[in-house]
Amino acid sequence: MEVVSESHESVFRLDNLTVNFPGQSGPVPSPLQGLNLDIRANEITTILGASGCGKSTLLRTLGGFVLPEDTGGVLYKKQFLTGPTTDIVMIFQENNLYPWLTVKGNVGFGLRFRKNAPKDLNKSVADMLSNVGLADAARAYPHQLSGGMRQRTAIARALITRPQVLLLDEPFSALDISLKRRMHSLIHKLQDETDISMVMVTHDVEEAITVGDRVLVLGGNPAGVLVDADARGPEMRDRYSKEYLNLQKEIEEVIF
Amino acid sequence: MSTAAWDKAAPWVVGGISVACVIAAWEIAGVAELPVTTVLPPPSQFMAMVIESDFRIGLGSQSATLWESLTATFGRVFGGMLLAFVAAIITGAAISLSRFTTWCISPFLYLLAPIAPIAWIPTAIVVFGINNATAIFIVFMGVYFILTIGTLAEIRRVPAEYGTVAGNLGASRWQQWLFVVMPAILPGVFTLLRTNFIAAWMAVLVAEMVGLRDGLGAIIMMGRNLFNNELIMFGMLVIGVSGFIVDRSLALIGNRVLWWRV
């Protein structure tokens, strides 16, 4: 499989990234110790790895929710991230919709805090809802939605604020296979329309290859990039193509 | 009647029959002139007395209609509860947003909470005199501390991700409190308020019995002073029915308006 080496603009540059967690008797080291990596802009990067390899910690660090040691860090727009920013929006595994708000209320939630929010908020929300196929569910509450609808609401809530980067932490792990595939199509559609940079953590090899433009496999301790593969093109969306199967084999040999 | 309809109606039907049986037994005891009915006159006796006096209770210039007694008591209870509710939310916000405020307020909160509201009555009478402010203060003291401690527990129950998501979408700390924490804790705090209604209700009745000259608690005291057991029983009935109606109304509001759980 072709290892990506061509030059692209980076959205994130990880420079000697080291993350330690606070513990009762001093810092507890995470697997992320001195990691260097570029994550390219305007594409979908999927990150795979065995449990505990540091992929979710990495994602949270990219979002500014976890702060690294000051020996290095995450460069975003050539500056070290020092905390969460509205440019980078994260969608969590638990989608955390607000139960007291309707779908419409949840999707429009972030707009009220934006100085440059569109004047016609209702129209923006309606457009976003139809974009994610939730126009008919605008007045429903989260507990009345299916798992897929809830995740679509969470994605719409994140995208309506027009972030530069969308971070997704195993967002479809609780969905059944057919729903998962519909959500993958939605992610591709939204990425094509907005050209937004996306980084998605998953433990599902199939999902990583079919969704990602670039697949990274993290592993080892300290964590390193074991596989860095280009997964662009229609052949990678075809689960029976030679290219797809080769990459799947390569990844599975590394992970398992 | 379908099973679903019966399941819905059963508590009311069975409860109603149960109450009717007790009243019937009570009335039979009255007709049989059992000694106990001298202290506990049956409803037919005390209701007849109140209807005869056109629902006006008391003597001369100190008499009041039932409606006046009800509005006086409810005004005090709801006034005190509303103040306690607002103060508990404000205290909860102050404590959850600042560690310094937590250190300042917490000792008072946990020191004053165990003091029964009745214990505040002498102080309240000295400070406010014998008027509505005293009763409202007693209700406030009976509800505020428990409600504040409960509000803090509710705040701790709000998933951290709710705030993280809001902050990530651009909400400041105050906006997170206003648009996320507040709605998240409201149903729980309201349930606590409902639970504490009984405490507030008892506190105001005691205040009315020992100090104030009007309200439902004063009816009981008037009955005692006049050796009028019918009046005492009528006062107890009104207190019980009023408390029941308010509790059900608060439960309805909780279920219909503040229905969500986090």
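Q: How many residues of chain A are in contact with chain B?
A: In this predicted model, 16 residues of chain A are in contact with 15 residues of chain B.

Q: And what are they on the chain A side: nonpolar, polar or charged?
A: On the side of chain A that touches chain B, 10 are nonpolar, 4 are polar and 2 are charged.

Q: New topic, the sheet in chain A. What is the strand order?
A: The order is 2-1-4-5, in an open sheet of 4 strands with antiparallel pairing.

Q: Which strands are at the edges?
A: Strand 2 (28–40) and strand 5 (79–80) of chain A, each of which pairs on one side only.

Q: How many bridges join strand 1 and strand 2 of chain A?
A: There are 8 bridges between strand 1 (residues 10–21) and strand 2 of chain A, and the pairing is antiparallel. One bridge links Leu17(A) with Leu35(A) in strand 2 of chain A.

Q: Which strands does helix 1 of chain A lie across?
A: Helix 1 (residues 55–62) lies across strand 1, strand 2 and strand 4 (73–76) of chain A. Its angle to strand 1 of chain A is about 120 degrees.

Q: Now chain B. At what angle do helix 9 and helix 11 pack?
A: Helix 9 (residues 173–210) and helix 11 (residues 229–256) of chain B pack at about 170 degrees, with axes 10 Å apart.

Q: Are they roughly parallel or antiparallel, then?
A: Angles over 145 degrees count as roughly antiparallel, so helix 9 and helix 11 of chain B are roughly antiparallel to each other.

Q: Which residues make the contact?
A: Helix 9 of chain B contributes residues including Phe190(B), Phe197(B) and Trp201(B), and helix 11 of chain B contributes residues including Ile239(B), Val246(B) and Leu250(B). The residues of this contact between helix 9 and helix 11 of chain B divide into 10 nonpolar, 3 polar and 2 charged.

Methods:
Residues numbered from 1 in each chain as written. Chains lettered and ligands numbered in written order. Predicted model: local features only at pLDDT ≥ 70, side-chain atom pairs only at ≥ 80, totals over all residues. Contact = placed C-beta atoms within 7 Å. Nonpolar A, V, L, I, M, F, W, Y, C, P; charged D, E, K, R; others polar. Pairing = 2+ DSSP bridges. Helix = DSSP H or I, 4+ residues; strand = E, 2+ residues; numbered from the N terminus. Axes fitted to C-alpha atoms, helices over the stretch in contact; angles between N-to-C directions. Parallel < 35°, antiparallel > 145°, perpendicular 65-115°, else oblique.
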